[in-house]
Amino acid sequence: MYPEQRRTDEPDRGGVHFTVLGPLEVLRDGVDYAPSTPKVLSLLAVLVMRPGKMVHIDTLIRELWSDNPPRTVRTTLHTYVYHLRRCIDQNRLAADGEAMLATKQSGYTFHINPSQVDIHRFTRLQQTGHEHQDAGDHAAAADAYRAALDVWSGAPFANVLCGPVLSAYRTELLEQRRSVLHLRIEAEIVSGRHRELIGELRSLATGSPLDEALHGQLMRALGRSGRRSDAMAVYRTLRSRLAGELGVEPCDDLQLLHRDLISEGDHR
């Protein structure tokens, strides 16, 4: 998370912030204090997933060792917790590492505010986009969605060896990003920015050759820009690829869009 993007109404909490939408970082004054030991970094990642909430010890064991924990698993986990607290204390990330990472009867609680994690800003900007969209202000919605996407610096937990828990969460985050990307493009098309989108949409469609939603948005942007033949060529390419790789036809929405493009030409 970029410090200049933090709102003044968010609690400072000693100026420590955590990024998960890219490499996992523990930032204070622009310096990353994340632990370098892989298992300790994975432990931190799971705790940051649930700021201020208790994480059950079984969840931590499953993430760190999957289905093959060592015989002394709880002792080993306690050692990793000790090293994480030591990292907190040595780098003055909190007044008391043991208070920040508190032991509970069945797990651990990482006492940070959700606003210290970059996912909070992403979610808040996403909600702002929804509100603008519901109000019919598509240009403002597009700006909010774009700002939400700008919070990302790479794949979630890019520097973490993810086990089953983090892998599932990473998949969820990537789906959220994909959804916001589609919403941002849709808002830009509706607000009249379709011409500026064509290059980006071609690149995105090339990277996701079976994504029907992206191809549909590319077709609409081309059609609105007076490039009907290019839009129909996109449809033909996608249809051939879907048939060859999956044995299916394009979805109903794309077929309707294609028919509308044909009809538009017939009426000229």
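## Cysteines

Cys251 has a relative accessible area of 31% and is therefore classed as partly exposed. Cys162 falls in the partly exposed class as well, at 21%. These values, like the others below, come from a predicted model.

The structure contains 0 disulfides. A disulfide is a covalent bond that joins the sulfur atoms of two cysteines. For Cys162, the closest cysteine sulfur belongs to Cys87 and lies 18 Å away, so the separation is too far for a bond. The cut-off applied to a pair of cysteine sulfur atoms is 2.5 Å.

Arg170 sits in helix H7, which covers residues 164–190. With 27% relative accessibility, Arg170 is counted as partly exposed.

Leaving aside residues up to four places away in sequence, Arg170 touches Pro156, Phe157 and Cys162. Cys162 is the partly exposed cysteine with a relative accessible area of 21% described above. Arg170 and Val20 are 150 residues apart along the chain, and their C-alpha atoms are separated by 9.3 Å.

## Domains

Two domains divide the chain: domain 1 spans 16–115 and domain 2 spans 194–267. Their C-alpha centres are 46 Å apart.

## Nonpolar surface patch

A nonpolar patch on the surface is formed by Leu210, Leu246 and Val248. Together these residues have about 230 Å² of accessible area.

Leu210 belongs to the loop between helix H8 (194–207) and helix H9 (212–224). The relative accessible area of Leu210 is 30%, which makes this residue partly exposed.

Terms used. Residues numbered from 1 in each chain as written. Predicted model: local features only at pLDDT ≥ 70, side-chain atom pairs only at ≥ 80, totals over all residues. Heavy atoms only, no water. Patch = residues over 30% accessible without salt bridge, like charges linked within 9 Å, V, L, I, M, F, W, Y side chains within 5 Å. Areas by Shrake-Rupley, 256 points an atom, 1.4 Å probe, with all protein chains shown as cover. Salt bridge = Lys/Arg side-chain N within 4 Å of Asp/Glu carboxyl O. Helix = DSSP H or I, 4+ residues; strand = E, 2+ residues; numbered from the N terminus. Buried < 20%, exposed > 50% of the residue type's maximum accessible area, 1.4 Å probe, protein only. Domains from an automatic or database assignment. Contact = heavy atoms within 4.5 Å.
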